[in-house]
Amino acid sequence: MSRLTRFSLANRTVVLLLAVLVVATGLYSARALKQETIPSTDWPYSTVISIYPGASPSTVDREVTKPIEDEIRAVDGVKTTSSISTSNTSQVEIEWEWGEDTDQIMADIRAAVDEADVPDTVDSTVTSSKFDDLPVLVVGVSSNVSASDLSNQAKDVMLPAIKDVEGVQDVTLAGDEKHEIVITFDIDKANELGIDPTSIGELFGANVKAYPSGTMRTATAEIDVQTGRTYESEEQVEDLEVQGEDGRVRLGDFATVEEQPTVSTSVSRVNGKDAVTLAITKERDANTVAVSRAVTEELETLERRLGNGTKFDAVFDQAPFIEQSVDDLSTEGGIGLLMAVLIILLFLRSFSPTFIAGVSIPLSLFIAMIGLLIGGYTLNVFTLGALTVAIGRVVDDSIVVIENIKRHQGLGESGMGTLVRSVKEVAGAITSSTFTTVAVFAPIGM
């Protein structure tokens with residue numbers, strides 16, 4: 001430390017230029033740093049949730065859970081699996097070793113789930129234990145239009161617009177109204193026409209599918225071709241023909257076809273009004289605060305575009321918490337700087353050492369910001385907390401050095417030798433006390 005002191009005293013202009021460079025680079029780093037709630041963390045856990053409508057727990061276990069577990073156990077890196085089978089639902093918990101490539105294992109797990117020999121009606125979802133999967137923003141949407149129209153607007157207008165915002169990875173919709181086609185047979189008419197109602201399921205299985213069949217190229221465009229068909233209205237379903245004893249019979253002649261809302265499994269209300277909920281997640285490398293602000297601006301545009309009293313209310317937003325944390329650091333750092341300056345000025349009654357302490361705190365913060373940017377870290381509750389602790393450490397060290405210099409000057413000593421000797425005397429104490437603070441907080445870094 002004495003060598004650094006001698007170098008600084010002998011090259012004051014260089015030190016001043018370095019300080020200016022640190023300030024400029026530090027300001028740039030502070031603006032460039034991404035802001036998050038907590039650091040991005042990959043936990044070695046995953047969950048596969050499969051829905052098998054109408055199945056009993058034993059059926060779910062036999063036809064869904066066991067086939068999926070068998071496939072997942074064959075994935076390289078998987079440590080253990082456990083499962084729960086209930087009515088309609090299978091849940092498989094997966095754990096692998098720390099340090100494994102999470103993205104690769106997740107891809108392998110999804111492939112294994114796709115290959116599992118389960119009924120066609122089973123719908124499986126693979127989720128990971130990442131903090132990045134937590135929504136950046138959850139928004140309730142209310143409007144003066146009907147629930148059906150609001151759901152359609154959410155699917156056709158809101159979701160595409162929000163997904164186009166830079167940094168947005170996905171948007172999920174909850175509380176929307178879903179519809180289904182309900183076919184009610186007139187058993188007497190069906191028997192009279194010689195129709196077996198169980199054949200209707202086979203009819204839909206054979207006819208209500210569309211398959212990609214390549215691409216047709218023209219002089220000006222490429223057109224994707226599909227074979228088969230899907231049905232989008234009650235009338236199209238009614239016109240389906242079923243084989244009877246005396247020939248083919250139109251479905252609508254012996255059955256009633258109605259489109260109606262499905263039984264709701266989730267309800268969303270905002271301020272007492274029926275609403276739908278949008279949950280927005282960000283890309284892994286995106287800035288939480290920037291994504292939240294960009295989405296909020298897009299929502300304001302959508303409010304004006306959709307009209308009819310459409311209103312977006314933020315139910316959950318990570319950005320204000322992060323911004324408040326940054327503001328708190330700025331406030332506490334400013335208070336710490338002010339109090340340090342006042343105390344030093346009060347006891348030492350000298351402007352020069354007071355100025356030195358006042359400069360050391362912001363310079364130390366700027367150096368820390370540069371280090372965070374170079375290291376690929378973000379501003380989050382951990383790094384902000386560390387910076388707050390570091391401010392106190394810098395103030396303590398500055399006061400110890402300045403007070404010892406002042407003590408030697410009070411004894412009548414002067415010159416560069418006095419400064420070097422003063423710093424050298426307290427260097428060990430400062431270093432040991434700083435390492436003590438590091439030792440206390442180091443486990444958090446592990």
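Tutor: Let us begin with E413, which counts as partly exposed because its relative accessibility is 26%, the class between buried (under 20% relative accessible area) and exposed (over 50%), computed with a 1.4 Å probe and protein chains only. This is a predicted model, in which local features need pLDDT of at least 70 and side-chain atom pairs count only at pLDDT 80 or more, while totals for chains, interfaces and linings use all residues. Residues are numbered from 1 along each chain as its sequence is written, and side-chain values use heavy atoms, with hydrogens and water left out.

Student: Why is the pair of E323 and R293 said to tie together parts that are apart in sequence?

Tutor: The closest N and O atoms of this salt bridge are 2.4 Å apart. E323 lies in helix α10 (residues 318-348) and R293 in helix α9, so the bridge links parts 30 residues apart in sequence. Helices here are DSSP runs (H or I, at least four residues), and strands are runs of E, at least two; both are numbered from the N terminus.

Student: Where do D70 and R73 lie?

Tutor: Both belong to helix α3 (residues 57-73), three residues apart, about one turn of the helix.

Student: Why is V440 called exposed?

Tutor: V440 has 55% relative accessibility, and the class begins over 50%, so the label holds. V440 lies in helix α13.

Student: Which residues form the nonpolar patch on the surface?

Tutor: They are F321, V381, F382, V389, V440, F441 and I444, with about 630 Å² of accessible area together. Accessible areas come from the Shrake-Rupley method with a 1.4 Å probe; for residues, only the protein chains shown count as cover. Patch members have over 30% relative accessible area and no salt bridge; nonpolar side chains (Val, Leu, Ile, Met, Phe, Trp, Tyr) are joined within 5 Å, like charges within 9 Å. Helices α12 (381-410) and α13 (416-445) each supply at least two residues of the patch.

Key:
A salt bridge is a side-chain nitrogen of Lys or Arg within 4 Å of a carboxyl oxygen of Asp or Glu.
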